[in-house]
Amino acid sequence: GEFFRILRPGGCLALSDIYLRTALQNAEWPVHCCFSQATPLADIQNMVEHAGFKIELLEDHSVLLKQAAAEFVFAHGSLHGFWQAVTGDADQATDACRVSSTVRPGLFLIIARRCA
């Protein structure tokens, strides 16, 4: 809604963010991070369209997220090592690895135009 308010009619909105390929059910992300507010892509599309935008481009850039994960593995020895470095807690790191393999986070790009 705020993007709609500040853009002129015909204005262009570009969004790129994390999304959940599989929704969390009866669980929350165990670590406060960019993944903890992620939602399914269909929900994001609906929010953008409901706010008064027409989606002109929707791309899945999850391969870039996989590249980043690979870089974390090289830098920290494993994803568990990365999460442990972030949280300082082995149990939280284990939980983050478990949840991330379940929800399989992705990365998207949306280009949308503000309707009149």
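1. Val 73 is partly exposed, at a relative accessible area of 30% (buried is under 20%, exposed over 50%, partly exposed in between, with a 1.4 Å probe and protein chains only). Val 73 belongs to helix H3 (helices are DSSP runs of H or I with at least four residues, strands runs of E with at least two, numbered from the N terminus).

2. The model is predicted: local features need pLDDT of at least 70 and side-chain atom pairs pLDDT 80 or more, while totals for chains, interfaces and linings use all residues. Residues are numbered from 1 along each chain as its sequence is written, and side-chain values use heavy atoms, without hydrogens and water.

3. Ser 62 is also found in H3. Ser 62 is buried, with a relative accessible area of 5%. Beyond neighbours within four places in sequence, Ser 62 is in contact with Tyr 19, Arg 21, Gly 106 and Leu 107 (heavy atoms within 4.5 Å). After H3 comes Gly 77, with a positive phi near 85°.

4. There are 3 salt bridges in the structure (a side-chain nitrogen of Lys or Arg within 4 Å of a carboxyl oxygen of Asp or Glu). In one, Glu 56 pairs with Arg 113, with the closest N and O atoms 3.1 Å apart. Glu 56 is in strand S2 and Arg 113 in strand S3, so this pair ties together parts 57 residues apart in sequence.

5. Another salt bridge joins Glu 2 and Arg 5 at 2.7 Å, N to O. Both residues lie in helix H1, 3 residues apart, about one turn of the helix. Glu 2 is partly exposed at 48%, and Arg 5 is exposed at 57%.

6. Asp 95 and Arg 98 meet in a salt bridge at 3.7 Å, N to O. Both lie in helix H5, 3 residues apart.
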